[in-house]
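Dear colleague,

Please find below the structure for your records.

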Amino acid sequence: MHKIYRTLLTIVLLLNCNACTENSTPYDQNEKSPSVSIAVSDDPQAFDPRLVRNTQSVNIAHMLFEGLTRKNQGGKIVNGLADDITITDEGKTYTFHLRESVWSDGSPLTAHDFAYTIKSVLSPSFPSPNASQLYVIKGAKDVKTGKAPIETVGVRVVDDHTLVIELNKPTPYFLELTSAYFFMPVKESWAESETKGGESMPETIPTNGPFKIEKWSRNDQLSLEKNPTYWDANNVRLEHLNLVIVDESTALQMFERGQLDWIGSPISFIPPDAVATLRSQKRLVITPADGIHWFRLNTKQPLLKNKNFRKALAFSINRQLLCDHIAQGNQQPATGIVPMSYGLQNIPCFEDHNVTEAWSHYQEALKEEKLSPDELPKITILYPPNDRAQKIVQAVQQQWKEVLGIKVNLEVTDSAVFYERLNHQDYDIAIGSWYGDFRDPINFLDVFKYKDTRTNNTNWENPRFVELLDRSINSLDPYRRTILLSQAERVLVDDMPVIPLYYPTFNHLQQRVTGVYFSELGVIDFKHAYIVE
């Protein structure tokens with residue numbers, strides 16, 4: 001028996017044990033924990049987990065849906081809709097035996113729902129931003145790129161309660177992948193109706209998670225209620241979750257008046273000017289985060305296609321200043337892409353605020369483009385409407401002017417338009433971030449593997465980078481794999497299609513509500529939450 005197979009088998013045994021432990025003692029249903037109010041910064045992008053991308057929408061998906069596995073309150077992978085999991089073929093074939101469960105409309109949830117969802121995401125015509133996360137499945141990439149028919153993908157329904165997924169290679173983090181939002185099922189009849197232009201109200205969306213949609217008032221509030229048909233409803237203590245769509249200043253005022261129970265990370269913001277005071281009062285809850293904030297660069301833009309110019313911009317930024325005077329929540333300057341806790345960076349990939357290096361790259365770029373400083377094309381930074389983003393782009397705008405003499409414009413747009421423009425590469429520079437979907441370095445690097453990946457948005461692709469990632473996938477030696485991923489990270493940083501800014505922390509305030517699981521990946525789980533008056 002191979003080592004990786006023994007490891008995976010151990011995971012499954014622990015998974016089943018954890019699942020039993022978590023669900024063995026339902027709470028006293030005479031206890032009352034009726035409602036919690038949470039600040040969110042915007043309306044959800046979509047209620048379909050196949051289509052979401054930003055942190056707010058991902059968290060709403062976790063409230064409404066559940067996949068084959070999930071994370072328990074200790075952050076361990078446990079069974080979700082899968083009641084039992086068998087791993088064979090030396091870690092390449094997973095058989096999920098589903099528990100009896102139903103959708104919120106009372107109809108049966110079966111293995112066919114999971115197979116339909118996975119195959120729909122892999123359809124070449126379906127605009128899922130996270131389809132590449134499924135490329136570990138046998139034949140998935142060829143199907144998505146139109147090189148093979150959907151029948152060839154390694155997803156098979158044995159019967160209503162048995163789903164088989166075949167992988168290209170043993171993938172140690174696959175069970176963690178199956179807990180992510182892009183593995184959550186959607187009901188085929190509803191999904192097909194939406195695809196064909198059906199105008200179903202959000203309240204009618206079939207969900208299978210701890211909560212379901214009660215009412216949605218755009219730009220105001222999303223009300224969720226406990227889903228009585230959820231398979232583990234006996235362990236859900238809250239009757240309602242009220243997601244109040246509000247700006248950060250108003251959110252803080254409402255929190256102080258007792259009108260909100262949770263504000264800040266990961267689905268809203270705390271006013272940057274208030275962070276230092278809240279820290280000094282020891283009220284701010286600071287949680288580790290597996291993420292990075294950065295600027296994406298459109299490498300087709302006339303000047304940003306020049307590698308030296310991109311590096312000049314990157315080396316000019318004073319990240320420590322951004323962390324100390326704007327973010328102010330224990331964030332750290334990012335000198336690479338993958339968070340430091342993942343162990344790829346023994347030494348920084350570059351030096352923060354290296355003015356000499358910045359000036360050298362700038363002069364080289366001007367020579368290569370045969371331009372004088374007065375002839376530089378117009379450059380604009382695109383950002384969504386929140387105070388922190390605005391303060392960061394203003395600070396960087398000033399730094400680029402002071403270090404390089406470059407003038408850049410700033411453009412704010414609402415979140416929906418912001419992501420639409422990213423998807424169509426209709427921007428020069430855009431502020432952004434990435435939080436891991438599973439705890440493995442490749443999750444931060446795979447984003448940029450192919451320029452047509454919907455989460456890339458930079459028009460950048462590098463054959464050497466692709467080669468290193470492919471070799472890391474084929475390596476069963478953990479040490480060798482780490483070396484290959486570290487080399488890939490340095491290729492990405494050297495080309496600089498994204499400019500790292502800082503490694504974040506999660507900062508929030510909470511009152512009354514407890515029992516919330518807060519993942520370092522930016523997911524908050526209210527399944528076991530309750531109110532303490």
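Predicted model: local features only at pLDDT ≥ 70, side-chain atom pairs only at ≥ 80, totals over all residues.

Strand 15 (residues 380–383) is covered on both faces. Thr380 and Leu382 are buried on one side, and Ile381 and Tyr383 are buried on the other. Strand 15 pairs in the parallel sense with strand 16 (residues 409–412) over four bridges, and Leu382 has Glu411 as its bridge partner there. Together with helix 12 (residues 387–404), strands 15 and 16 form a right-handed β-α-β unit. Strand 15 also runs parallel to strand 17 (residues 429–435), to which two bridges join it; here Ile381 stands opposite Ile429.

As regards salt bridges, the count comes to 23. Three of them are described here:

- Arg512 and Asp261 meet at 2.8 Å, N to O. The two residues are 251 residues apart and link distant parts of the chain. Asp261 is buried, with a relative accessible area of 3%, whereas Arg512 is partly exposed at 31%.
- Lys311 and Asp494 meet at 2.9 Å, N to O. Lys311 belongs to helix 9 (residues 307–316) and Asp494 to helix 16 (residues 478–495), 183 residues apart. Lys311, at 10% relative accessibility, counts as buried. Both residues also belong to a salt-bridge network with Lys307 and Asp495.
- Glu166 and Lys138 meet at 4.0 Å, N to O. Glu166 lies in strand 7 and Lys138 in the loop between helix 3 and helix 4, so the pair ties together parts 28 residues apart in sequence.

With kind regards

Note on methods:
Residues numbered from 1 in each chain as written. Heavy atoms only, no water. Buried < 20%, exposed > 50% of the residue type's maximum accessible area, 1.4 Å probe, protein only. Pairing = 2+ DSSP bridges. Right-handed = clockwise from strand over helix to strand, strands pointing away. Salt bridge = Lys/Arg side-chain N within 4 Å of Asp/Glu carboxyl O.
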